[in-house]
Amino acid sequence: MTRSNDLPTVGTPNTSREKRDKKGKVIQRRYYGGDGKAVVNIDYDRDHGAGRPHAHDWDWTQDPPVRLPGRSLTAAEKKGNSK
Amino acid sequence: MSARILTYKGYVAGWLDSSIHDFLEVLPVTSVSTKYALITCLDSNPDPASLREKSPELKSVARRSQVVGRGLLLPTELLLETDCRHQLFFGFDEVWFFPSQTIKPKPESASLLGPARLNQARFKKLGKWMVDNSCSLALGGGEGLNFVVPANGVAKFMLGYSIEQREPSLAS
């Protein structure tokens, strides 16, 4: 069985982590906020109508927490995630 | 039965450190009980029907799928072919399998989607719909893979115990 290697939903505060494919290419980056909870994902390897790359915000006010549908990158996100 | 094992009627819930995409590689095309698949979440979007014209990944199945509620129903054979050729599932997806295509829309009030593992309250909200529609398998991706299957005997305990697994620790 291939392990998921999914990124954790909670990490070191104000950092980011990357998920890579089998060839080592970055396919997802997850940013953590000041409380260590995931704030946003940037997905590089898929579109599904939100463009490529696209972002997903996290909503921790819901129980359980929810990763929201994809959206276009903001200008700041584009700058920080240009290939 | 231990309170840690989540059950509803003949179903049991579990969890695997895997993904829908990887699991579909071992799902047999010929299984009668999983002849049709209902996609109710795709890449965190709970309205896959709205993505038929927008998602490049869905293009090849859009015309051959049927809208059920906000979900997309299609033959499992087509789903497996498509996901093998042009990956459809990347995480935060939800798919249900049935022996027939007479399916009522999934209740909006609960889902199998990660990152949280299933709990009894969420399971109860989904259970009646699963029984009424003869659901044979349910998969919810996110952080690992939530699943629900009909099971009995020792298999029910073994599969149910899987939900207790610790999350893998990732190297920094």
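How many bridges join strand 2 (residues 26–32) of chain A to strand 3 of chain A, and do these strands run parallel or antiparallel? The first legend below gives the answer. This is a predicted model, in which local features need pLDDT of at least 70 and side-chain atom pairs count only at pLDDT 80 or more, while totals for chains, interfaces and linings use all residues. Residues are numbered from 1 along each chain as its sequence is written, chains are lettered from A and ligands numbered from 1 in the order in which they are written, and side-chain values use heavy atoms, with hydrogens and water left out.

View 1. Strand 2 (residues 26–32) and strand 3 of chain A run antiparallel and are joined by 5 bridges, where helices (H or I, at least four residues) and strands (E, at least two) are DSSP runs numbered from the N terminus, and two strands pair if DSSP finds at least two bridges between them. Within this pair, Arg29(A) has Ile42(A) of strand 3 as its bridge partner. Strand 3 (residues 38–43) of chain A is also joined, by 4 bridges, to strand 4 (residues 54–59), again in an antiparallel arrangement, and here Asn41(A) stands opposite His56(A) of strand 4. Strand 3 of chain A is mostly covered, with 5 of its 6 residues buried; buried means under 20% relative accessible area, exposed over 50%, and partly exposed in between (1.4 Å probe, protein chains only).

View 2. Lys37(A) lies in the loop between strand 2 and strand 3 of chain A, and because its relative accessibility is 31%, Lys37(A) counts as partly exposed. Not counting residues up to four places away in sequence, Lys37(A) touches Thr9(A), Tyr31(A), Tyr32(A) and Trp60(A), a contact being heavy atoms within 4.5 Å. The C-alpha atoms of Lys37(A) and Asn14(A) are separated by 9.1 Å, although these residues are 23 apart along the chain.

**View 3. Chain A as a whole.** Chain A has 1 helix and 5 strands, which follow the pattern β-β-β-β-β-α when read along the sequence. The radius of gyration of chain A is 13 Å, close to the 12 Å that the globule rule gives for 83 residues, so chain A is as compact as a globular protein of that length; this radius is taken over C-alpha atoms, and the rule is 2.2 Å times the number of residues to the power 0.38. Buried residues make up 42% of the 83 residues in chain A. Among contacts in chain A between residues at least 6 apart in sequence, 16% join residues at least 24 apart.

**View 4. The open sheet of chain B.** In chain B, 8 strands form an open sheet in the order 1-2-8-7-6-3-5-4, with antiparallel pairing. Strand 1 (7–8) and strand 4 (66–68) of chain B stand at the edges with a single partner strand each, so one side of each is left without a neighbour in the sheet. Strand 3 (residues 36–41) and strand 6 (residues 94–98) of chain B run antiparallel and are joined by 5 bridges, and Cys41(B) stands opposite Glu94(B) of strand 6.

**View 5. Helix 3 of chain B against the sheet.** Helix 3 (residues 76–85) of chain B lies across strand 3, strand 5 (71–75) and strand 6 of chain B, running at about 95 degrees to strand 5; axes are lines fitted to C-alpha atoms, for helices over the stretch in contact, and angles run from 0 to 180 degrees between N-to-C directions. The buried residues of this helix are Thr76(B), Leu78(B), Leu79(B), Leu80(B), Thr82(B) and Asp83(B). Their cover includes helix 1 (20–24), strand 3, helix 2 (59–62), strand 5 and strand 6 of chain B.

**View 6. Cysteines of chain B.** A search of the whole structure finds 0 disulfides over all chains, a disulfide being a pair of cysteine sulfur atoms within 2.5 Å. Cys135(B) is in no disulfide, and the nearest cysteine sulfur, that of Cys41(B), is 16 Å away. Cys135(B) counts as buried at 2% relative accessibility, whereas Cys84(B) counts as exposed at 68%.
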